[in-house]
Structures are given as C-alpha cells and as structure tokens.
Amino acid sequence: MVVNSPAEVESATSSEHNYDRITELKAFDETKAGVKGLVDAGITKVPRMFYSFPDKSVKESDNREVETSIPVVALDDIDGDPIRRKKVVEIVREASEKWGFFQVVNHSIPVEVLDEMLDGVRKFYDQHAEVKKQWYTRDGSETVVYNSNFDLFSAPSANWRDTTYVNMAPRPPNADELPEACRDILIKYSEYIKKLGGCLFELLSEALGLDPNHLNDIGCSEGLAVLYHCYPACPEPELTLGATKHADYDFMTVLLQDHIGGLQILYDDQWIDVPPVPGALVVNVGDLLQLISNDKFKSSQHKVLANHAGPRVSVACFFTTGLAPSSKIYGPIKELLSEDNPPKYRETTVRDYSLHYNAKGLGTTPALLDFRL
Ligand code: OGA
Ligand code: NI
C-alpha cells in the first residue's frame with residue numbers, strides 16, 4: 001500500500017492490524033545506529049514506525065494573525081545598571097507568563113564556544129556507527145546515554161532524531177568517561193551554562209517578585225543534564241517529526257540550536273517558529289517551574305519539524321537533577337500563594353516527577369496535568 005498524507009497514514013494504521021510495529025522497532029533499535037544510521041545507509045522512504053499523526057487538538061486551519069515572535073533579550077549590563085536590569089526582568093516576566101519562551105543574546109558565552117559545542121556534537125554523530133555503538137544504551141544509570149527515541153517502545157510514533165544524554169551536575173562525570181569527540185567542549189560549555197543558569201534563575205526569581213536568590217536557593221540550578229540531539233536530513237519530512245509535541249520536565253531549559261530551524265512552540269492553538277538567531281540561546285520554562293510558580297510561568301508545548309536539510313544539531317541543557325535520588329519536596333512557592341491564589345499542584349520530588357514523565361513518554365497528555373489538585 002502506498003501511503004501519502006498523514007490522514008491516510010492514520011486510517012491505514014488503524015485498518016491494518018497485521019502491521020508488526022514491535023518487530024520494526026526492535027530491528028531498528030538493534031542496529032544501534034539510530035536515525036542517522038538509516039540516512040547514512042541511503043534510505044529514501046520514511047519507515048512506517050516514524051509516521052506521525054495529525055494533531056486534532058490544534059486548529060491548524062485557523063489563520064488568525066498573532067504576534068508571532070518570542071522576544072530576544074540582551075543580558076549585558078544587568079549587573080551594573082539597575083534600570084536596565086528592571087527592564088530585562090520585565091521582559092523575562094512577560095515572556096515567561098505569555099510564551100514560556102524567550103531568547104537571550106549578550107549572555108557572556110563567547111560565540112566561539114557556541115560554535116565549538118555544535119561542532120563537537122556534529123563530530124560525535126559523524127563518527128562511524130561501530131564507534132558510536134559503545135555508547136548506545138537504554139540504561140539510564142550509564143554516564144553517557146546515546147540512543148534514538150528514549151520512549152521508542154511506548155510512544156505512538158518514533159521521532160526522526162537521535163539523542164545523547166549526560167548528567168553534568170551536581171556530580172560531573174570523569175572526563176575519561178565522556179566521548180572524546182566532544183569531551184573537552186562538553187565540560188567547558190557546561191561550566192558556562194551553569195553560570196548563565198544561575199543568572200537566569202535570579203532574573204526569574206525577581207520576575208516572580210521573590211528575592212533574587214530564591215530559585216537558586218531552593219535548588220533549581222543544582223542539577224544539569226545535557227542532551228545533544230541530531231536531526232538527520234529527512235527524505236519525506238511531511239510524514240514524521242523531529243520531536244513530537246511535548247513540554248520539558250525540568251525547571252528550565254537553555255537550548256543552543258544551529259542555523260537550520262524547525263523548533264516551534266504552541267501558542268493559542270497555533271504553531272509559532274522559534275527562529276535561529278546567530279549567537280542566541282533559547283530559554284524555556286519547564287514543568288517544574290510552572291508547578292512551583294503555581295501557573296504564573298508557562299511550560300509551553302513545543303515540537304521540532306523534520307526537514308530535507310540536515311543534519312540539524314542542537315544542545316538542550318536541562319536544569320534538573322532528573323532521576324537522581326532526591327528528598328527535596330517541591331510544591332507551589334508559599335510566598336506566591338494567597339486566598340485568591342491557592343495551590344494548584346500537589347508536592348513532588350524531582351525524581352518522582354521525572355519518573356512519571358518518562359513513563360508516559362511523548363505524544364500523550366501533558367504529565368504536569370497529573371499533578372494538578
Ligand atoms: C528538547 C527539545 C528542541 C530542539 O530537547 O526537549 O525540545 O530544537 N529540543 O532540539
Ligand atoms: Ni523540549
């Protein structure tokens with residue numbers, strides 16, 4: 001059967017019960033070569049396991065004119081100039097309430113470091129499949145976790161993407177445990193991101209009307225997981241996605257994307273591009289920050305389109321301790337609550353939230369909803 005549009009794909013999937021998805025998934029996983037392996041082998045059709053389905057919750061036909069761009073904010077002078085800082089805090093507040101996303105420039109990470117980081121990612125994925133295989137695993141307790149689709153066996157459709165995951169804080173790995181292709185820059189970049197993260201959490205604290213140190217003090221910047229992604233060139237990009245619609249499960253994400261583009265956020269039922277801006281980093285509010293801010297800040301749904309161009313690479317720095325044992329309890333911040341603003345979420349640990357999110361996988365209902373009171 002020849003399948004063309006996502007609508008036809010959907011009807012085909014529900015009618016053809018003999019399609020052996022699990023065998024296709026296992027065979028793909030056993031190559032340990034990811035989507036890049038398929039593309040390097042010269043594949044010209046997207047295999048069925050990657051087909052994505054129309055998203056009925058989004059009214060794509062609705063062509064209203066919306067203000068279509070998330071703000072780009074310059075972070076220079078915010079320590080020396082209180083008036084400038086106040087302005088920046090105001091932009092950060094508005095953006096975090098409205099979009100859950102903004103971009104930052106003049107963030108004090110040199111552009112050479114950004115370029116070197118993206119080059120390191122390309123170098124890692126460009127290695128021969130036989131070399132990369134040593135890192136391919138689904139065991140989250142490994143230091144370096146490289147695979148394709150963390151939720152491969154549970155998600156309704158697989159993404160056109162490979163990912164490598166490394167926890168860089170609070171307990172950084174030994175350098176010799178990291179892949180040589182990007183080892184040095186991964187360590188250097190993480191140091192810069194930790195510093196920038198601390199500064200962003202100060203701005204976010206102030207934007208919530210709290211003491212500047214509040215979010216850092218309660219541990220929001222304690223953990224850092226670096227996820228570096230590869231979105232290979234796709235022969236039929238209309239049939240699949242680079243990343244399914246999702247919100248991030250952390251406090252905050254700082255994303256470095258290359259020049260290709262494809263990241264979109266869902267705002268008011270419409271998909272809005274997050275265009276690549278040279279030298280900029282994309283900052284977004286994660287589920288845990290939405291939870292502790294009691295919905296003041298939004299953890300927006302976003303997705304990544306597949307593209308004929310590629311590979312696109314990106315580096316997502318997740319501020320979270322993830323699955324590490326954690327006893328700290330997080331709930332809506334007391335200082336933000338009042339009679340008119342009672343807590344909307346139950347308390348949780350970072351580990352319990354992450355476990356719940358991982359078990360759900362992408363392509364289902366938002367995990368955060370399950371913590372609403
Ligand atoms: C993520 C993510 C976007 C991108 O890692 O959660 O949304 O552009 N990444 O890679
Ligand atoms: Ni994301």
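Biologist: How are residues and chains labelled, and what does the model need for a local feature?

Modeller: Residues count from 1 along each chain as its sequence is written, chains are lettered from A and ligands numbered from 1 in the order written. In this predicted model, totals for chains, interfaces and linings use all residues, side-chain atom pairs count only at pLDDT 80 or more, and local features need pLDDT of at least 70.

Biologist: Which strands give two or more residues to the shell around ligand 1?

Modeller: A residue is near a molecule if its C-beta atom, placed from the backbone, lies within 6 Å of it. The residues around ligand 1 include His 229, Asp 248, Gln 257 and His 302. Strands are DSSP runs (E, at least two residues), and helices are runs of H or I, at least four, numbered from the N terminus. The strands asked for are S5 (224-231), S7 (252-257), S11 (302-305) and S12 (312-319).

Biologist: Why does Leu 291 count as buried?

Modeller: Leu 291 lies in helix H9 (residues 287-292). Buried means 20 or more other C-beta atoms, placed from the backbone, within 10 Å of its own; exposed means 12 or fewer, and partly exposed lies in between. Leu 291 counts as buried because its C-beta neighbours inside 10 Å number 26.

Biologist: How far apart in space are Leu 291 and Tyr 330?

Modeller: In sequence they are 39 residues apart. C-alpha to C-alpha, Leu 291 and Tyr 330 are separated by 8.3 Å.
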